[in-house]
Amino acid sequence: MIRASERAMGIEYAIRDVVLPARELEKKGIKVIRLNIGDPGKYDFQPPKHMRDAYCKAIQEGHNYYGTSEGLPELREAIVQREKRKNGVDITPEDVRVTAAVTEALQFIFGALLNPGDNILVPSPSYPPYTGLVKFYGGVPNEYLTVEENGWQPDIDDMRKKINEKTKAIAVINPNNPTGALYEKKTVREILDLAGEYGLPVISDEIYDLMTYEGEHVSPGSLTKDVPVIVMNGLSKVYFATGWRLGYFYYVDPEDKLSEVREAIDKMARIRICPNTPAQFAAIAGLTGPMDYLKEYMAKLKERRDYIYKRLTEIPGISTTKPQGAFYIFPRIDERSKWKNDKEFVLDALNEAHVLFVHGSGFGYAGDWHFRIVFLPPVPILEEAMNNFEAFMRRKLGS
Ligand code: PLP
């Protein structure tokens, strides 16, 4: 047998891991309601028409060539304007890089920051590629606690305790996946202060920035005076174009502390040639075009959020924090005597109630005894899922 690398074999991705047992059931003809993947394009959400038209037009008009590694200048200018409107940041197109979605931005940033044994502070629970990619690039994910009782806000004292001489950056995901938390301005300021104290950059994942139900997202990029912040965003969520694989990041670095990191990232960008060219034309249309579709989509999502939250609060054995952003809800399993752990719980719910959730421990240690539900589907589908799940819980708990 030809052996694969330990680096690649070590990759875990809980969100897709649970799909295999679901597929087994489906092969037997059983209908499974999948609430495991955060892909709006699988339901009644599509990128707005002006973006779809711009994508087709770019292909038809011959924009099918390699672009520059940094991203098309017109798109980087559109990103500057979008981010000035949203975050009031003082940046130029030189500070912006276009990527194959936020996932590639993470690869660039972790690849450029980490030597073997270095660590990045990542939230617990967090979107699994954070731990997975840090490990892939030879680093150690250093998980800081976010506190359920405090609306899943980061615990700044825990963050401080976890910083050591090998720490290279603090990653923040806000609004958060999997908890749906929206961080308070005060929390964002405290994270920046802490980063400043230890001379660390902040990596800010803002992919859900305009997807909030209560309150508004505050970017560390909008508050920083001296701490370097790398902000990441893209088309996947707010623009509903997950499959186009297009995103970007930019540096807010008033004291130019990231010059070497920028150089390293540009080297990585050059060896992967360039991001998708026609999709960049669609991105220009999206970032400069009307946003009325978002209002309509957020109204639908709010209805779904309110519905699932209400149903979950009526089910015995679990308790739930109301998400303020994104499209995930992260209930806690309070009645634990029937299952060994959260993964067994999720598999039991799959086999008996035919609903697919993701086990919370797949998102880091603070996710233990929780599970994540995606509430993107329309209410009738959520209703069927919750009816099945409620009956399952009542059966298990004899109530
Ligand atoms: N960051 C977070 C917090 C996410 O939840 C996701 C996808 O679910 C991503 C990044 C992936 O984004 P992209 O599609 O831009 O790679």
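**Exercise 1. Describe how helix H4 packs against helix H12 in this predicted model.**

Step 1. Locate the helices. H4 covers residues 49–60 and H12 covers residues 277–288. Helices (H or I, at least four residues) and strands (E, at least two) are DSSP runs, numbered from the N terminus. Residues are numbered from 1 along each chain as its sequence is written, and side-chain values use heavy atoms, with hydrogens and water left out. This is a predicted model: local features need pLDDT of at least 70, side-chain atom pairs count only at pLDDT 80 or more, and totals for chains, interfaces and linings use all residues.

Step 2. Axes are lines fitted to C-alpha atoms, for helices over the stretch in contact, and angles run from 0 to 180 degrees between N-to-C directions.

Step 3. State the hand. H4 and H12 cross in a right-handed way. A crossing is left-handed if the near helix is turned anticlockwise from the far one by less than a right angle, and right-handed if clockwise.

Step 4. List the residues. From H4 come His50, Met51, Ala54, Tyr55, Ala58 and Ile59, which meet Pro278, Ala279, Phe281, Ala282, Ala285 and Gly286 of H12. Contact means heavy atoms within 4.5 Å.

Step 5. Sort them by class. The contact of H4 with H12 holds 10 nonpolar, two polar and no charged residues. Ala, Val, Leu, Ile, Met, Phe, Trp, Tyr, Cys and Pro count as nonpolar, Asp, Glu, Lys and Arg as charged, and the others, Gly among them, as polar.

**Exercise 2. Describe how helix H14 packs with H3 and with H15.**

Step 1. Take H3 first. H3 (residues 19–27) and H14 (residues 342–353) pack at about 15°, and their axes are 11 Å apart. H3 and H14 are therefore roughly parallel to each other. Angles under 35 degrees count as roughly parallel, over 145 as roughly antiparallel, 65 to 115 as roughly perpendicular and the rest as oblique.

Step 2. H3 passes H14 in a right-handed crossing. Pro21, Ala22 and Leu25 of H3 make the contact with Leu347, Leu350 and Asn351 of H14. Five of these residues are nonpolar, one is polar and none is charged.

Step 3. Turn to H15 (residues 379–397). Its axis and that of H14 come within 10 Å and cross at roughly 110°. H14 is therefore roughly perpendicular to H15.

Step 4. Complete the second pair. The crossing of H14 and H15 is right-handed. H14 contributes Phe345, Asp348, Ala349, Glu352 and Ala353, while H15 contributes Asn388, Phe389, Phe392, Met393, Arg395 and Lys396. By class, the contact of H14 with H15 has six nonpolar, one polar and four charged residues.

**Exercise 3. Which residues are closest to the ligand, and which side chains listed below have an N or O atom by a ligand oxygen?**

Step 1. The ligand is surrounded by 13 residues, and the closest are Thr103, Asn177, Asp205, Tyr208 and Ser236. A residue is near a molecule or strand if one of its heavy atoms lies within 4 Å of it.

Step 2. Read off the distances from a ligand oxygen atom to a side-chain N or O atom.

- Asn177: 2.7 Å.
- Tyr208: 2.6 Å.
- Lys237: 2.8 Å.

**Exercise 4. Find what the side chain of Lys300 reaches.**

Step 1. Lys300 lies in helix H13 (residues 292–313).

Step 2. The Lys300 side chain reaches the backbone oxygen of Asp44 at 2.8 Å. A polar contact is a pair of N or O atoms within 3.5 Å; within protein, one must be able to donate a hydrogen and the other to accept it, and residues adjacent in sequence count only if both atoms are side-chain atoms.

Step 3. Leaving aside neighbours within four places in sequence, Lys300 is in contact with Asp44 and Phe45.
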